[in-house]
Amino acid sequence: MNICVFGSAKEFNSSIMAEARKLGRLIGSMGYGLTYGGFGEGLLSEVAKGVKEYGGYITTVAPQTPRLNNTLFQEIDELILSEDKRKRKELQEKNSDMFVVLPTGIGVLDELFEILVLKSYGELKQRIVIVNIENMYDNLKVLLQDMDAMEYCDFVDSVDRILFSGNQQLYD
């Protein structure tokens, strides 16, 4: 199984960074692979470090940019280059069996909503898990539930689980 993790290359507080490392350890210990944007810093680098602690396989899908080699996590196993960020999302979707969304910024919300739309249209079969560390996604969950109740969308049924803390099991 190959798990795509969406998150930030930004540093967060120590508890969020620790949860990201814990997620990586879980992925690696289960023998799963990680697919992500490949940056060697911030939240996502903690996931990658955790995967590597357990000998996991890391696939990086990154857009070609002049500074690419200076920003990549150095212990990746496979590098897939894309023309741009839109193509990167498509390649991540194609190369993943599951999606996990960590606390983040606007770029990851873009990725999340794209996979939610694809799943609601039946074009994406993979499981989606939103990890709600420190209540980051509380308002998003309420918004999606409200939209679902008003029958504006069926996103809520597309998300397999929204976790409310980093200490719950991600996998059944």
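Mentor: Let us start with accessibility: buried means under 20% relative accessible area, exposed means over 50%, and partly exposed is in between, with a 1.4 Å probe and protein chains only. This is a predicted model, in which local features need pLDDT of at least 70 and side-chain atom pairs count only at pLDDT 80 or more, while totals for chains, interfaces and linings use all residues. Residues are numbered from 1 along each chain as its sequence is written, and side-chain values use heavy atoms, with hydrogens and water left out.

Trainee: Why does R21 count as buried?

Mentor: R21 has a relative accessible area of 19%, and because the limit for buried is under 20%, R21 is buried.

Trainee: What makes R21 and E53 a salt bridge?

Mentor: A salt bridge needs a side-chain nitrogen of Lys or Arg within 4 Å of a carboxyl oxygen of Asp or Glu; the closest N and O atoms of R21 and E53 are 2.4 Å apart, so the pair meets the definition. This pair links distant parts of the chain, with R21 in helix α1 and E53 in helix α2, 32 residues apart; helices here are DSSP runs of H or I with at least four residues, strands are runs of E with at least two, and both are numbered from the N terminus.

Trainee: Which residues are linked with R21 in a network of salt bridges?

Mentor: The network links R21, R25, E46, K49 and E53. Within it, the side chains of R21 and E46 meet at 3.0 Å, N to O, and since R21 lies in helix α1 and E46 in helix α2, this pair ties together parts that are 25 residues apart in sequence.

Trainee: Why is E111 called buried?

Mentor: E111, which is found in helix α5 (residues 106-120), has 7% relative accessibility and therefore counts as buried.
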